[in-house]
Amino acid sequence: MAIESRNPATGEVLREYPEMDAAAVDAVLESCHAAFLSWRQRPIHERAALMARAADVLDSNREPYSRLMVEEMGKPIRQARAEVEKCAWCCRHYAEEGPGLLAPRDVATDAARSFVAYEPLGVVLAVMPWNFPFWQVFRFAAPNLVAGNAGVLKHASNVPRCALAIEQVFAEAGFPEDVFRTLLIGSGRVSAVLEDWRVRAVTVTGSTSAGRAIGSKAGELLKKAVLELGGSDPYLVLADADLDAAVASCVASRLVNGGQSCIAAKRFIVDRRVARPFEERMAARMARTRMGDPMAEDTELGPLARHDLRDDVHSQVVRSVESGARLLLGGAIAEGRGAFYPPTVLAGVAPGMPAADEEVFGPVAAILEAEDEEDAIRIANDSLFGLGAAVFTADVAKGERIAHTRLEAGSCFVNDFVRSDPRLPFGGIKESGYGRELGELGIHELVNVKTVYVAAATVAPGAPSTE
Ligand code: NAP
């Protein structure tokens, strides 16, 4: 199978790569493992300094990396630049904070000294999606390389040039050869890589079905896994919300990256007392979106990343309308060769419809009506997913209470849209996966949390031991 880089805005094939054979994969794993053995011995401040250099490489190549992402998966150029900047931020964050977060922590016990240390595990396999082709990789790589792990990347098959460019970022920054490598392989080869003894853990960002397949394999092999999977984030709009501000946030979150974000707003659960004005303002605002060439500076919505994914989104819209949803805007495949899909608004969405039950990965807003606040919370939690959620209300204390104690999701925002931040943990519950990236937890997930105990006095031979 060839791995193909195709421009979704034009349908043009930009480049094809032969898939690596088993011998090539073996050679990568061997050299990556060998690199790990010396990398782990490097003082952490040296590993951190190299990560800061990776940030500089990203900054100085922001334009070519941004254009590469636009060409391979169609995101608007301004969003691509912001993505490269965020990657640099993440690298700098872990360059600065990593050594402190990984410093041994003394714990007072009966010992002369006992402490908790954070030791690297080895080669970590990263199975990554195309939607944020740089960001998803850096949010795994920055903490893990600083922690002393090595990385092999199996990127999504439609972004091979991004995958190879990221390998180059670390090479250019001066990382030892082979500490971070890219495998150009299809998804059918992931299991075999995970089975390899040199691979010690896996992190997956992708759909729930990919997470289920890889997570069960990791379970069978008893290898640690972090699963960052799909979502259908609910945005609750309560009766007292500032409607214009809520609509602005909701539209921004629904359209970011062409609607192809795990934490995009996907279900708008609106108190029935404000449902009509919300629907009207949402449709009006979505209708003003500038869709077109993703390289153009003023484009807000590019094509979706692949034609088959565009067709999946359209099918979800059509089936939702057939089940009774009201189409307020869009809903028709745009003419032309690109994988474009117009901003679309569905109202009257209800459980049983794809727009309510499934993840819709495109610029489609699904509006559901709630009787009141309690009903809105119930609908929000009535989902297989639990990644992000937001609540809009004039009563900030109430919003905080709902976010804190009522919503079943890994990240809950009040009066703002959900986004990740290197300083805060990120991840989901339920079928959105498990484990956390970013923040303090993100650098502690794939390390050996080691207890070291130095006895106060020599223990007499034969003395009873306890576990
Ligand atoms: P995907 O189809 O699941 O692919 C993700 C990665 O998994 C790709 O590298 C893919 O390889 C591989 N893969 C797919 N099925 C596999 C299997 N059965 N065994 C082994 N590997 C497999 O997802 P996507 O379409 O690229 O990305 C969109 C999904 O990712 C959405 O559901 C989105 O919500 C989720 N996502 C989650 C987060 C988060 O942080 N929670 C962030 C971003 C995206 P191939 O490309 O070769 O098939």
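Arg-406 lies in helix α14, which covers residues 396-406; helices here are DSSP runs of H or I with at least four residues, strands are E runs of at least two, and both are numbered from the N terminus. At 33% relative accessibility, Arg-406 counts as partly exposed, a label for values between buried (under 20% relative accessible area) and exposed (over 50%), worked out with a 1.4 Å probe on protein chains only. Gly-324 sits 82 residues away from Arg-406 along the chain, and the C-alpha atoms of these two are separated by 29 Å.

A quick word on what is being looked at. This is a predicted model, in which local features need pLDDT of at least 70 and side-chain atom pairs count only at pLDDT 80 or more, while totals for chains, interfaces and linings use all residues. Residues are numbered from 1 along each chain as its sequence is written, and side-chain values use heavy atoms, with hydrogens and water left out.

On to the aromatic rings. A search of the whole structure turns up ten aromatic pairs; rings of Phe, Tyr and Trp (its six-membered ring) pair if their centres lie within 6.5 Å, and planes under 30 degrees apart count as stacked, over 60 as edge-to-face and the rest as tilted. One of the pairs is Trp-39 with Phe-175, a tilted one with 5.4 Å from centre to centre and 40° between the planes. This pair links distant parts of the chain: Trp-39 belongs to helix α1 (residues 22-39), whereas Phe-175 is in the loop between α6 (160-173) and β7 (180-182), 136 residues apart. Both Trp-39 and Phe-175 are buried.

Tyr-65 and Phe-134 make another pair, with ring centres 5.2 Å apart and planes at 40°, so this one is tilted too. It also links distant parts of the chain, since Tyr-65 is in helix α3 (residues 62-73) and Phe-134 is in the loop between β5 (123-127) and α5 (135-146), 69 residues apart. Tyr-65 is buried at a relative accessible area of 8%, and Phe-134 is buried at 0%. The two pairs come together in one aromatic cluster, formed by Trp-39, Tyr-65, Phe-134, Phe-138, Phe-170, Phe-175 and Phe-180.

As for cysteines, the structure holds zero disulfides, a disulfide being a pair of cysteine sulfur atoms within 2.5 Å. For Cys-162, the closest cysteine sulfur is that of Cys-87, 10 Å away and so too far for a bond. Cys-162 is buried at 0% relative accessibility, and Cys-262 is buried at 11%.

Finally, a look at the backbone of two leucines. Leu-222 has a positive phi of about 60° although it is not a glycine, and its place is in the loop between α8 (208-221) and β9 (224-228). Leu-438 also has a positive phi, near 65°, and lies in the loop between β19 (433-434) and α15 (439-444).
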